[in-house]
Amino acid sequence: MKDTYRHKGMRKRLIDTLHQKGIRDERILQAFDSVPRHLFLDKAFEEWAYTDKAFPIGNKQTISQPFTVAYQTDLLEIRRRDKVLEIGTGSGFQAAILATLGTRVFTVERQEPLYKKTGTLLKKLGFKNIRTFLKDGMDGLPEHAPFDKIIVTAAANEIPTALLSQLQIGGILIIPIGKERQQMCKIIKQSERQYKRIYLDYFKFVPLLKGLNKS
Ligand code: SAH
């Protein structure tokens, strides 16, 4: 679990790349500077941890590409102390970036091995403001609602209604929608019945699946 000057140097280059690709929020770039992404990956990928690529993390899942993490984070318009729900914990990297920005993170994963492994890692790294849950995220987390922000990090065919209802008024939901490729969708809850939807760039995510997987 080492974070060396060499890793820090590699992070600076990644931050330059993110900046070039259009991420201009200094707080987000700072968060990428302070979270050691190589510790969220298998040791075999350590050398590539700070390239702008997605990697396998087991159980047929991937850690999102850094640009995708930065892009979704940017759209969330994060404020300190925001209560954020993340669907799709995966490696825990996105949750770590959100927590570094001063938010309280509730993150849900449907695959037990990932839930366990990532929970242990986040504890080891000292993230006290991240709570992990083993659940089907399509139902959200009603017992902890409402949330200021909700981020979905897997591809949905449509917007789960549970997530809309668990959003605070004035809150923002960021979700990739589509089958083969997904269009990022930003939803702002304007009142109990009114939602503004904005469709943005295309990405490729692993699918949002129903039910728990215990193997
Ligand atoms: N945010 C993650 C990205 C992981 S990939 C990261 O930073 O690494 C998406 C994750 O969503 C996978 O781990 C997958 O198992 C999980 N997932 C898919 N459908 C889900 C559901 N219905 N509920 C919760 N998690 C789900």
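What follows describes the ligand site, then the protein around it.

This is a predicted model, in which local features need pLDDT of at least 70 and side-chain atom pairs count only at pLDDT 80 or more, while totals for chains, interfaces and linings use all residues. Residues are numbered from 1 along each chain as its sequence is written, and side-chain values use heavy atoms, with hydrogens and water left out.

The ligand sits in the largest pocket. A pocket here is found on a 1 Å grid over the protein atoms alone, as an open set of points where a 1.4 Å probe fits, with protein on both sides within 12 Å along at least five of seven lines. A molecule sits in a pocket if more than half of its atoms lie within 2 Å of the grid points of that pocket. The elements that give two or more residues to the shell around the ligand are strands S2 (61–63), S3 (83–87) and S4 (104–109) together with helix H4 (93–100). Helices (H or I, at least four residues) and strands (E, at least two) are DSSP runs, numbered from the N terminus. S2 gives the most to this shell, with three residues.

There are 27 residues around the ligand, and those that come nearest are Glu86, Ser91, Glu109, Gly137 and Leu209. A residue counts as near if one of its heavy atoms lies within 4 Å of the molecule. By class, the shell divides into eleven nonpolar, eleven polar and five charged residues. In this scheme Ala, Val, Leu, Ile, Met, Phe, Trp, Tyr, Cys and Pro are nonpolar, Asp, Glu, Lys and Arg are charged, and the others, Gly among them, are polar.

For Gln94, a polar backbone atom is 3.1 Å from an oxygen atom of the ligand. The ligand taken alone exposes 580 Å², of which the protein buries 99%. Accessible areas come from the Shrake-Rupley method with a 1.4 Å probe; for residues, only the protein chains shown count as cover.

Helix H3 (66–75) can be considered next. Because nine of its ten residues are buried, H3 is largely enclosed by the rest of the structure. Buried means under 20% relative accessible area, exposed means over 50%, and partly exposed is in between (1.4 Å probe, protein chains only). The buried residues of H3 include Phe67, Val69, Tyr71 and Leu75. H3 is followed by Glu77, whose phi is positive, near 50 degrees, although Glu77 is not a glycine. Glu77 lies in the loop between H3 and S3 and is partly exposed at 46% relative accessibility.

Lys60 is another non-glycine residue with a positive phi, near 60 degrees. Lys60 is in the loop between strand S1 (55–58) and S2, and is exposed, with a relative accessible area of 82%. A further backbone detail is the cis peptide bond that joins Ala145 and Pro146, with omega about 0 degrees. Pro146 belongs to the loop between strand S5 (130–134) and strand S6 (147–152).

Glu46, in the loop between helix H2 (26–34) and S1, is buried with a relative accessible area of 15%. The side chain of Glu46 has a polar contact of 2.8 Å with that of His7 and one of 2.6 Å with that of Lys43. Thr103 lies in the loop between H4 and S4 and is buried, with a relative accessible area of 0%. The Thr103 side chain reaches the backbone oxygen of Leu98 at 2.8 Å.

Finally, two residue pairs give a sense of distance across the model. Asp16, in helix H1 (residues 5–20), is partly exposed at 48% relative accessibility. The C-alpha atoms of Asp16 and Phe127 are separated by 26 Å, with the two residues 111 apart along the chain. Lys21, in the loop between H1 and H2, is partly exposed with a relative accessible area of 43%. The C-alpha atom of Lys21 is 27 Å from that of Asn157, 136 residues apart along the chain.

Terms used
Polar contact = N/O pair within 3.5 Å; in protein donor to acceptor, adjacent residues only side chain to side chain. 1 Å grid on protein atoms, 1.4 Å probe; cavity = no way out; pocket = protein on both sides within 12 Å on 5 of 7 lines; lining within 4 Å.
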